[in-house]
2 protein chains.
Amino acid sequence: MEEIKNNVPVTYELIKTCKQTGARLGILHTPHGDVETPTYMCVGTQATVKAILPRDLEEIGAGVVLSNTYHLYLRPGHELVKKAGGLHEFSQWHGPMLTDSGGFQVFSLASMNKIKEDGVEFRSHIDGSRHFFTPEKVMEIEEALGADIAMAFDECAPAGCSYDYTVKAMDRTHRWAERCGKAHTRQDQALFGIIQGGMFGDLRIESTKALTQMDFPGYGIGGLSVGEPKPVMYEMLDTIRPYLPENKPHYLMGVGSPDCLVEGSMRGIDMFDCVMQTRTARNALAMTFEGKKSLKQLQYEEDFRPIEEGCDCYACRHFTRAYIRHLIKANEILAAQLITIHNLRFSYRLMEGIRNAIREDALMDYRNELVLRGTFN
Amino acid sequence: MEEIKNNVPVTYELIKTCKQTGARLGILHTPHGDVETPTYMCVGTQATVKAILPRDLEEIGAGVVLSNTYHLYLRPGHELVKKAGGLHEFSQWHGPMLTDSGGFQVFSLASMNKIKEDGVEFRSHIDGSRHFFTPEKVMEIEEALGADIAMAFDECAPAGCSYDYTVKAMDRTHRWAERCGKAHTRQDQALFGIIQGGMFGDLRIESTKALTQMDFPGYGIGGLSVGEPKPVMYEMLDTIRPYLPENKPHYLMGVGSPDCLVEGSMRGIDMFDCVMQTRTARNALAMTFEGKKSLKQLQYEEDFRPIEEGCDCYACRHFTRAYIRHLIKANEILAAQLITIHNLRFSYRLMEGIRNAIREDALMDYRNELVLRGTFN
């Protein structure tokens, strides 16, 4: 596995550990800049974070932007993105980027998927066309996209899977991770492995051991937040924590609600991603430290306060709830634009709060404060 | 009419007249700033220019922003806007604003409208509720909205109207203009009269004379671009030109395609407004000096040039046609955001070109150059 060992364009620097919780404060070094961790990564599925200009993303303090290999492979095609100079140039996000491997999407979005040892056959959710993803093919696509971090191709077994099937899927994921490691050659891109194992603690441990033996520069934790109760997810994180290397970043994939950002950080997670921030924004839902607010509600009709008092985002510096409610009722795109800016900024502010609390060895206190404020409602 | 005479918060300063065409270079002075004319006013129908943040509007050089009395009266209601501190504060556009009177919308959008001497009864296009607009009511609404310029309530007779009906509608418009003048009291807002008269030159002259006798601080020319051939519209403009006061701004309502911006300027028009720029943007149509481009076309798939070479807008400084085409195909809101920024900036650049040409007494040359470049295609 020398290819992987030599290829460390992305490194993790541990600054300190919270004495109260064990949460990690660190820095993720990437070819496109450093990011303080724990960090929330916003999602730009189709090479755009929905409804926000890249310069506005930059203004609110975005770190890593995540894009989707499955989507970009289907549309516009990874070859086109490569011709455009890669994802950074194509989408004009000049900070760090990460592409997921498409594993999750192949199983959740595509239809008629058939899993073979070599890879997965599936039909496009756009036009029904047939495609075949192997670890090698996915590496080719992710290298063409050219994010700072590529994720290994994994099999994300569905929620409620049997123990026997979870073992099979996990073992295959390990073989695929090894093949990804061999196929991956791009020296300015880090390849992260993905830990699977369903809701079974022993399998999660086995998967963590197997992956860490392959010595990737970072580890995704996949297959969580797929319908299980949150305590089960937290238990899985607690279970694998002792087996995760301290000198590598730990990335909890597809998870990023306010409570999970805090609880995950308390369990040693450094990176999160979630579409909730941008998706709910387009459904008129604002995220605040006092919990979610459905801004279309009548109670905001004559409410001339900002979405969230004390928030420093463009939306809160200028506009009132009454105005944004008007935009929502009138089906104006500007509503989605403004709430997207706010929800993302809220999440970055929450992460700043988490990092400050770690710095002060007080993340549990901060968590309890947020519970009292209703942040997780 | 002393109320109107004393109330001149908006004035027009004629800088020079193009020797080649008679076009006017001037400055419109308003309580919220000066605007060089001829000027294109972008349309923020529902208190937002669709898909663009006010700060981005400011960056691209927007002057006056127009909003719609009819829409804002129905939703969110003028009383709410008044409570919010007026339209500037509500929408956070701190430059000049203009509200149209709702006359055009009552006749084009609302249903079951019944015209009486006192006003117009109509049903809301949103929920079918019944409403009654009189000149006095419209003044109350426009004063509550608080734009720099309010337009008088007029009857916009449909295209292809008989001479007899056009006379009736025009005479009523004159009586309503007089009532508007009496009802209008806000001293920091200018009330402009609206010239009607359909496609009949003698009526247009009569209307211009009647309105200018009332001595408004500016004049809208309504009821054009309602389906008639453009030469007919130009003829109407040529016909009334000698009767329009040189010391007042001339506003051609609802007109703003590139050819009309130039041809209108050549006929002494100082202000234009049009939804085309923002509406076509949401339909993937970019406006350029080489004509319109439908960016969803296959020819742009691997076109890594900006929408328009030489354009200084944010979209053109950063993004390629290939990327924007991808956004369009993927139904991403960012496509509308970027093309909106570009189309508006294109129009402001076109107006800069027109003003520069007037300055050099060469607007006809500029027009001919644009014809050759395909700007009007």
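Keep in mind that the model is predicted.

I will start with the interface. Chain A puts 40 residues into the contact, and chain B also puts in 40 residues. Together the two chains bury about 3,700 Å². Of that area, 57% lies on carbon and sulfur atoms.

What about charged pairs? Between chain A and chain B there are eight salt bridges. One to look up on the screen is the pair A:Glu59 and B:Arg55, whose side chains meet at 2.8 Å, N to O. Polar contacts across the interface of chain A and chain B come to 24 residue pairs, with both residues of a pair at pLDDT 80 or more.

Which elements of chain A supply two or more residues to the side that touches chain B? They are α2 (54–59), α4 (78–83), α5 (87–91), α13 (314–318), α14 (321–329) and α15 (333–359) of chain A. Sorted by class, that side of chain A holds 21 nonpolar residues, 12 charged residues and seven polar residues.

Now the sheets of chain B, beginning with the barrel. Eight strands of chain B close into a barrel, in the order β4-β5-β6-β10-β11-β12-β13-β14, and the pairing is parallel. On average, neighbouring strands in this sheet are turned by 30° against each other, with direction ignored.

Strand β6 of chain B, residues 97–100, runs parallel to strand β10 of chain B, residues 149–151, and two bridges join them. Within that pairing, B:Leu98 has B:Ile149 in β10(B) as its bridge partner.

Chain B also has an open sheet. This sheet consists of three strands in the order β7-β8-β9, paired antiparallel. Which strands stand at the edges? In chain B, those are β7 (111–115) and β9 (130–133), and each has a single partner strand, so one side of each is left without a neighbour in the sheet. From one strand to the next, the twist averages 15°.

Taking the two pairings in turn, β7(B) and β8(B) run antiparallel and are joined by three bridges. These two strands form a hairpin, with four residues between them. Across this pairing, B:Lys114 stands opposite B:Glu121, which lies in β8(B).

On the other side of the sheet order comes β9(B). Strand β8 of chain B, residues 120–123, is joined to β9(B) by four bridges, and again the two run antiparallel. Here B:Phe122 stands opposite B:His131 in β9(B).

As a reminder for reading these strands, side chains in a regular strand alternate between the two faces of the sheet.

Last, the backbone details. Where are the cis peptide bonds that I want to show? In chain A, one joins A:Arg75 and A:Pro76, with omega of about 10°. A:Pro76 sits in the loop between α3 (69–74) and α4 of chain A. In chain B, a cis peptide bond joins B:Arg75 and B:Pro76, and omega there is about 10°. The loop that holds B:Pro76 runs between α3 (69–74) and α4 (78–83) of chain B.

The other residue to check is A:Ala51. A:Ala51 is not a glycine, yet its phi is positive, at about 70°. A:Ala51 belongs to the loop between β4 (39–43) and α2 of chain A.

Terms used
Residues are numbered from 1 along each chain as its sequence is written. Chains are lettered from A and ligands numbered from 1 in the order in which they are written. Side-chain values use heavy atoms; hydrogens and water are left out. Contact means heavy atoms within 4.5 Å. Buried area is the accessible area (1.4 Å probe) that two parts lose on being put together, summed over both. A salt bridge is a side-chain nitrogen of Lys or Arg within 4 Å of a carboxyl oxygen of Asp or Glu. A polar contact is a pair of N or O atoms within 3.5 Å; within protein, one must be able to donate a hydrogen and the other to accept it, and residues adjacent in sequence count only if both atoms are side-chain atoms. Ala, Val, Leu, Ile, Met, Phe, Trp, Tyr, Cys and Pro count as nonpolar, Asp, Glu, Lys and Arg as charged, and the others, Gly among them, as polar. Two strands pair if DSSP finds at least two bridges between them. Axes are lines fitted to C-alpha atoms, for helices over the stretch in contact, and angles run from 0 to 180 degrees between N-to-C directions.
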